[in-house]
Amino acid sequence: MPMLLEVKPDQPLVILHNEELNTPKMKHNEVTVVAEEPVIHLHDYYRQVPVAGVHTTCGEAATMMNQDQEHPCIVLCDEQMKPTGLLMRETLYRMLNGRFAADLFYRKPVIQVVNKSPVIADIHMEASTIIDIALGRNEQHFYDCLLVTEQDRLLGVLTMRDVMSLSRRLQQAVTEERIRTVTESRQEISRINNAVTKLVNAANQTVHEAREIMALSKHGEESLKHVDASYNRVHQHMESQGQHADHMLNSIKTGSGMAHSIRSLADQSGLLALNASIEAAHAGEYGRGFQIVAGEIRALAKQTREVAGNMSSLLENIGGLTLQTVDLVKASGDEIDDSSVHVTAGGATFRQLNSAVRDLSRIAEEIAMEGGKAGEVAEHIRMKLDEMVSDPE
């Protein structure tokens, strides 16, 4: 690249704005990440360049360029530092290296040769928008610098190299964010897969326990049926006992009547024996033997009366006990009837429980089946995410 022509001695130097000029600087090795979106700060990329005023000549611009070969351009600004034009180093080279350049351009105002429609980007614009603008320019100005401003005041410029570096860093940030998102998604999918696996295992365990409950419920229902059948048989036996007790009461009543009859006969026999003794006494010596027989009959009538009385008392006691037995049998029958009602209700409850558990088992089986499918899908997604992490490109 040829050097610029020397500036004539009588040409004054122009005071530069922000004389400390550096190559693009990176304040941070990594991009700042806010929330989940990668953020690239233009402060880390733009560079400062010489600034010319409206009265700056091309020769003075050449002096600015010779002071630092790293300057890619000169920016023309007004008094408020609002950029009004852009002059690239290559453009200035072409103008000032001709045969008659000194006469034609040295004293010519630089405003006449600058690009008066440079691309201006605000410092707060998104990096992707700036990259799109830079890449969308025509070939004539494709490698021109982009002017970076804040509230219309010039901050610096971005060269095409800076734009490509910005693009590369943005791609790296997006890739890092994508890898982080994929990694977190993979971890989340793994947690979901583990949760689904636990759900499937719990559902299978529920199915197993439901089947056991159904078996126990069925067994309980059968047992209650046997209990109900036993209650029915006991109830029948008690009815038979009640009938037997009624027959016994009737028999006791009959026996009691017979005892009363025997006692009545004993009383009549005793009375006849007494009359016979009186008649034997009237007979004197001839009736003495008959009097002995009458005494024996009277004694036998007395014993018969006593036995009949004892028999009557015994039959009355037996009748009382029989009545108590009948009452107990009736009360037991009532208790059995009530118990039978509860047994029947228990059987119905067991049937309802069996039906509910059967429905629960069916739901658990469906959960296990759907959970298995969800687990397969989650595992497939996790494998795809692993592939994305291992091959980020």
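Among contacts in the protein (heavy atoms within 4.5 Å) between residues at least 6 apart in sequence, 73% join residues at least 24 apart. The model is predicted, and local features require pLDDT of at least 70, side-chain atom pairs count only at pLDDT 80 or more, and totals for chains, interfaces and linings use all residues. Residues are numbered from 1 along each chain as its sequence is written, and side-chain values use heavy atoms, with hydrogens and water left out.

The secondary structure comprises six helices and eight strands, taken as DSSP runs numbered from the N terminus (helices H or I, at least four residues; strands E, at least two). Along the sequence these elements follow the pattern β-β-β-α-β-β-α-α-β-α-β-β-α-α. Of the 393 residues of the protein, 34% count as buried (buried is under 20% relative accessible area, exposed over 50%, partly exposed in between, with a 1.4 Å probe and protein chains only).

An open sheet is formed by three strands in the order 3-4-5, with mixed pairing; two strands pair if DSSP finds at least two bridges between them. Strand 3 (51-52) and strand 5 (83-88) are the edge strands, each pairing on one side only. Strand 3 and strand 4 (residues 73-77) run parallel and are joined by two bridges. Val51 stands opposite Val75 of strand 4. Helix 1 (residues 58-67) packs on this sheet and touches strand 3, strand 4 and strand 5. The direction of helix 1 makes about 130 degrees with that of strand 4, where axes are lines fitted to C-alpha atoms, for helices over the stretch in contact, and angles run from 0 to 180 degrees between N-to-C directions. Eight of the 10 residues of helix 1 are buried, so this helix is largely enclosed by the rest of the structure. The buried residues include Cys58, Gly59, Glu60 and Ala61, together with Ala62, Thr63, Met64 and Met65. Helix 2 (residues 89-96) lies across strand 4 and strand 5, and runs at about 65 degrees to strand 5.

The largest pocket holds about 460 Å³ of space. Pockets were located on a 1 Å grid over the protein atoms alone, a pocket being an open set of points where a 1.4 Å probe fits, with protein on both sides within 12 Å along at least five of seven lines; lining residues have an atom within 4 Å of a point. Grid points are joined across faces, edges and corners, and the volume is the space filled by probe spheres set on the points. Of the 21 lining residues, Met88, Glu90, Thr91, Tyr143 and Asp144 are the closest to the pocket centre. Strand 5 and helix 2 each supply at least two residues of the lining, and the largest share, four residues, comes from helix 2.

Most residues other than glycine have a negative phi. Met81, in the loop between strand 4 and strand 5, has a positive phi near 65 degrees. Met81 is buried, with a relative accessible area of 11%. Asp152, in the loop between strand 7 (146-150) and strand 8 (153-158), has a positive phi of about 70 degrees. Gln151 takes a positive phi near 55 degrees in the hairpin of strand 7 and strand 8, which has two residues between the strands. These two strands run antiparallel and are joined by five bridges; Leu147 has Val157 of strand 8 as its bridge partner.
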